[in-house]
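Subject: Structure for you to look through

Hello,

Here is the structure I promised to hand over. Please open it first, then read my notes below.

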Amino acid sequence: MRESLMVLDPEIPEFRFPETEHERMGVAVWIAWHEVVRGRALVGDLVPAELLAASRDDERHVFAQAIGASEGRPLSDHQQVTLLGLAEGLRAELVRPGSALPVSVAREVMARQVATVLNSETRPAA
């Protein structure tokens with residue numbers, strides 16, 4: 001018997017995976033922006049990194065509220081970073097030329113990991 005998976009709210013940007021060419025292009029540009037920021041930091045220009053850090057902090061805040069509020073207990077920093085990292089990795093794979101990963105499988109992987117983190121029996125205290 002197959003376990004039921006939680007349905008991830010597609011309105012939460014961190015749970016969105018690119019489906020259209022326009023969305024894939026947006027994800028590819030976002031990934032490229034991260035690489036530019038890393039390069040600029042290597043030459044001492046930290047302004048782009050500061051801007052990106054502020055955006056990432058906002059993203060983590062929205063994500064933590066969306067997930068933690070549903071469970072009545074906030075996620076730990078470790079749990080947030082782990083889930084956001086998984087979502088980023090899945091998005092990167094979805095936009096990689098020649099990727100064989102279907103969006104439906106990326107959603108299922110993400111849903112399983114979120115369910116594992118939210119499981120009160122396996123979830124460490126925040």
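**Salt bridges**

Glu 23 and Arg 16 join their side chains in a salt bridge, at 2.3 Å from N to O. By salt bridge I mean a side-chain nitrogen of Lys or Arg within 4 Å of a carboxyl oxygen of Asp or Glu. Side chains of opposite charge can pair when their charged atoms come close.

A word on the source: this is a predicted model, where local features need pLDDT of at least 70, side-chain atom pairs count only at pLDDT 80 or more, and totals for chains, interfaces and linings use all residues. Residues are numbered from 1 along each chain as its sequence is written, and side-chain values use heavy atoms, with hydrogens and water left out.

How many salt bridges are there by this rule? The count comes to 11.

Both partners of that pair are partly exposed: Glu 23 has a relative accessible area of 25%, and Arg 16 has 28%. Here buried means under 20% relative accessible area, exposed means over 50%, and partly exposed lies in between (1.4 Å probe, protein chains only).

Next, look at Glu 88 and Arg 56. Their side chains meet in a salt bridge of 1.9 Å, N to O. This pair links distant parts of the chain, with Glu 88 in helix α3 and Arg 56 in helix α2 (residues 47–71), 32 residues apart. Helices are DSSP runs (H or I, at least four residues), numbered from the N terminus.

Arg 60 and Asp 77 form another salt bridge, at 3.1 Å from N to O. Arg 60 lies in helix α2 and Asp 77 in helix α3, so the pair ties together parts that are 17 residues apart in sequence. Arg 60 is partly exposed at 25%, whereas Asp 77 is exposed at 52%. Salt bridges that share partners also join Arg 16, Glu 19, Glu 23 and Arg 107 into one network.

**Helix α3**

Helix α3 runs over residues 77–95. Its 19 residues reach 27 Å from the first C-alpha to the last, close to the 27 Å expected. The expected span is 1.5 Å times one less than the number of residues.

Which residues of α3 are buried? They are Gln 79, Gln 80, Leu 83, Leu 84, Ala 87, Leu 90, Arg 91 and Leu 94. They cover an arc of only 120° around the axis, so they sit on the same side of α3. The arc is that of the directions from the helix axis to the C-beta atoms. The face turned away from the buried side carries the exposed residues Asp 77 and His 78.

Back to Glu 88, also in α3. Glu 88 is partly exposed, at 30% relative accessibility. Leaving out residues up to four places away in sequence, Glu 88 touches Arg 56 and Glu 59; touching means heavy atoms within 4.5 Å. The C-alpha atoms of Glu 88 and Phe 15 are separated by 9.7 Å, and these two residues are 73 apart along the chain.

**Helix α4**

Helix α4 (residues 103–118) has 16 residues, which should span 22 Å. Its end C-alpha atoms are 22 Å apart, which agrees. The buried residues of α4 are Val 103, Ala 106, Met 110, Ala 111, Val 114, Val 117 and Leu 118. Seen down the axis, they fall within an arc of 130°, so they line one face of α4.

Best wishes

Key
Helices (H or I, at least four residues) and strands (E, at least two) are DSSP runs, numbered from the N terminus.
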